[in-house]
Amino acid sequence: MKHTITALSGALILAAGLAQAQQSIVVGHTLSPESHYGIGAEAFIAKVEELSGGTFTGDQAAAGQLGGERDMIEGLQIGSLDVVITSTGPLGNFVPEVYALDLPFLFRDYDHARTVLDGEIGQELLAKIDENQLVGLAWSENGFRHVTNSQRPVRTPADLDGLKLRTMENRVHMEAFSQMGAAPTPMAFPELFTALQQGVVDGQENPVTVITASKFWEVQGHVSLTGHVYSPAVILASPVLIDGLTDEQRGWFYEAAVASAEATRAEVNRLEDAGVAVMRENGMEVITEIDKAPFAELAQPAYAVYTDQYGPELVERIQAVE
């Protein structure tokens, strides 16, 4: 009987120890759970749970539950958040070198952008992120950005004249749209739908993935596939979280971020193919044939926002990647 009690006690202690060792993480982002970010978050959580054998579990905090992207990045820095999937728009406020990725008409196509970010340049930029009380796990994706608005079709830069367009808190984007004739109005993404609904702004610019996930057709009638900026996303972790892990555990998080990026890019590919039909089915006028050259020419001065401060080297290296 004594041996039975001892064995039972030992089993209870072991179970308590395992329960205590289990750690739950939260992956925050600003889009819906069904969005490409949501799919990426689920892939991250599934891979961490798989690699850790259930030591780490997780949930996503979607739709801006934890605040706007800048708020969440600041939360990572102080350790109040675990992992965040974010656009690079507000990241430039913390890691200015990232602004180079937001230059208009810099990337030729998806292959070019993904090759840059998965290669030497992308790894260098992740290392820069790591110097700013953040941990850059992997580059993910939003896609090429397009203009939507409630006023009129946009086929030429003249059609942008005077339109109040919500942009990210990004000096490069704001300068580019100013040069193209619009009135850029930066605001946090969670505020955007209501601002469009109330007419505070006329339009916004985002990839097809975000336009469809956010159902912007409810407040916007026109889409123009300007493809003016390629919008990466990045998977960030808190240094407070990562510093508390073993080397093996850190490896799990980096592997999970790669799995997340792959799942997100696959969804971007799917929506790039299917999204135009979805937008049209929901009543939006979609302008697909656009001469981008006049937009690119007008937006060129926005490059100086970056190059005057950091030089042209990084931009030239990106342009040179085959």
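The following questions and answers concern a predicted model.

Visitor: At what angle do helix α5 and helix α13 pack?
Guide: The contact is made by E120, I121, E124 and L125 of α5 together with L314, R317 and I318 of α13, and these residues divide into four nonpolar, no polar and three charged. E120, E124 and R317 are also linked in a network of salt bridges. The axes of α5 (residues 120–130) and α13 (residues 313–320) lie 10 Å apart, and the packing angle is about 145°.

Visitor: Is R265 buried or exposed?
Guide: R265 forms a salt bridge with D118, in which the closest N and O atoms are 2.8 Å apart. The pair links distant parts of the chain, with D118 in helix α4 and R265 in helix α10 (residues 247–281), 147 residues apart. D118 is partly exposed, with a relative accessible area of 46%. Buried means under 20% relative accessible area, and R265, at 13%, therefore counts as buried.

Visitor: Which residue forms a salt bridge with R145?
Guide: The partner lies in strand β7 (residues 203–207) while R145 lies in strand β4, so the pair ties together parts of the chain that are 60 residues apart in sequence. The closest N and O atoms are 2.7 Å apart, and the partner of R145 is E205.

Visitor: Which residue of β2 is the bridge partner of Q23?
Guide: Strand β1 (residues 23–28) and strand β2 (residues 56–61) run parallel and are joined by six bridges. Together with helix α2 (residues 36–52), these two strands make a right-handed β-α-β unit. Within β2, the bridge partner of Q23 is F56.

Terms used:
Residues numbered from 1 in each chain as written. Predicted model: local features only at pLDDT ≥ 70, side-chain atom pairs only at ≥ 80, totals over all residues. Heavy atoms only, no water. Axes fitted to C-alpha atoms, helices over the stretch in contact; angles between N-to-C directions. Helix = DSSP H or I, 4+ residues; strand = E, 2+ residues; numbered from the N terminus. Contact = heavy atoms within 4.5 Å. Nonpolar A, V, L, I, M, F, W, Y, C, P; charged D, E, K, R; others polar. Pairing = 2+ DSSP bridges. Right-handed = clockwise from strand over helix to strand, strands pointing away. Salt bridge = Lys/Arg side-chain N within 4 Å of Asp/Glu carboxyl O. Buried < 20%, exposed > 50% of the residue type's maximum accessible area, 1.4 Å probe, protein only.
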